[in-house]
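Dear colleague,

Please keep the structure open while you read.

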Amino acid sequence: MNTHPIVIAHRGACGYLPEHSLEGKAAAFGMGVDFVELDAILTKDDRPIVMHDHYLDALTDVADRFPDRTRADGRHYAVDFTLNEIRQLGLHERVNLNTGEAEYPGRFPAGAALRFRIPTLEEELEMIRGLNRSMKKNIGVYIEPKGPAYHRSEGKNIERAVVSVLADFGYTDRGARCCIQSFLPESIRYMKETMKCGLFMVQLIGDNTWAETPGVDYYGMLTPQGMDEVARYADGIGPWMNQIIADAGDGAAPEYTKLVEWAHERGMEVHPYTFRADALPSYVKSFNELLEIFYVRMGVDGIFTDFPDLAIDFLRQKGMR
Ligand code: G3P
Ligand code: CA
């Protein structure tokens, strides 16, 4: 798909501006990224919005504005709010709900009076189309219809909503600069085989212990046989970076796996997540060292990063873009 290793702006340039704010996406554009990453979820009235979590509490002032609209776990879920209500919320830097403190303390101030807002998928694609035109670029969209099984349990179909909006903006086939990513194999198969969606599809690989997709055997995917199976329906994989290099902790020698090799042997691209200059694995001392290991030594085809400008600088210094 790409002629050089790519840089995917994870939730925008979220190392610098609140995740999934349009401002952060515009900053990523200015940095010259290859793709802007989006997560999409649905509102009560079935409008796709760009948001990572199913609940709104870690990123907005929903608790102040709608204190009586929580579920049993004390959280406010986007599927319980109309788009009109979502539009009333202020978006801010991510906070840790257990401590109330910023998740990444060195980033945009979580307590700033300035409030951003949650974009709809249409609004964000409109901005990307506009910027591609005005800046004479062809920056792509790398989108995750979030929580397909969760949305089903709420009587909603996130894949149809997302694929339909993508089609409205001309993202219909492999010629379009658009990738779809999912943690759920059945969701990719559904979009590809039932919906006949022709876009580039990436199987995200999580850990079996994560709550995101109960029942999916990711450990089974991390084998040659598992890669055979994934290659039947996906064009690429998006593994957790620890599945390519397992961090033994405390600076101990890491374990290098053969996952990149296995995926490449089967014709799949490899785009690991998530590279954060302010949350380095223990086996490196700098972000550049980490990029050197993944881009150069392991030969990945791209990375999801919160700090896309640093990855672009690195690749330019190496003559890799
Ligand atoms: O989507 C790419 C990768 O970062 C997956 O993790 O939780 O950020 O959607 P998440
Ligand atoms: Ca994502």
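**The cavity, the pocket and the ligand**

Glu-144, Pro-145, Gly-147, Pro-148, Ser-182, Phe-183, Leu-184, Glu-212 and Thr-213 line the largest cavity. A cavity is, on a 1 Å grid over the protein atoms alone, a set of points where a 1.4 Å probe fits but cannot get out, and lining residues have an atom within 4 Å of a point. Its lining divides into 4 nonpolar, 3 polar and 2 charged residues, where Ala, Val, Leu, Ile, Met, Phe, Trp, Tyr, Cys and Pro count as nonpolar, Asp, Glu, Lys and Arg as charged, and the others, Gly among them, as polar. The volume of this largest cavity is about 40 Å³, a volume being the space filled by probe spheres set on the grid points, which are joined across faces, edges and corners.

Please bear in mind that this is a predicted model, in which local features need pLDDT of at least 70 and side-chain atom pairs count only at pLDDT 80 or more, while totals for chains, interfaces and linings use all residues. Residues are numbered from 1 along each chain as its sequence is written, chains are lettered from A and ligands numbered from 1 in the order in which they are written, and side-chain values use heavy atoms, with hydrogens and water left out.

The largest pocket (an open set of grid points with protein on both sides within 12 Å along at least five of seven lines) holds about 1100 Å³ of space. It is lined by 42 residues, of which His-10, Arg-11, His-52, Glu-212 and Arg-276 are the closest to its centre. By class, that lining has 18 nonpolar, 9 polar and 15 charged residues.

Ligand 1 takes up the space of this largest pocket, in the sense that more than half of its atoms lie within 2 Å of the grid points. Around ligand 1 there are 13 residues (each with a heavy atom within 4 Å of it), and His-10, Arg-11, His-52, Lys-146 and Gln-181 come nearest.

**Two places in the backbone**

A cis peptide bond, with omega of about -20 degrees, joins Tyr-273 and Thr-274. His-20, which is not a glycine, has a positive phi, near 60 degrees.

With best wishes
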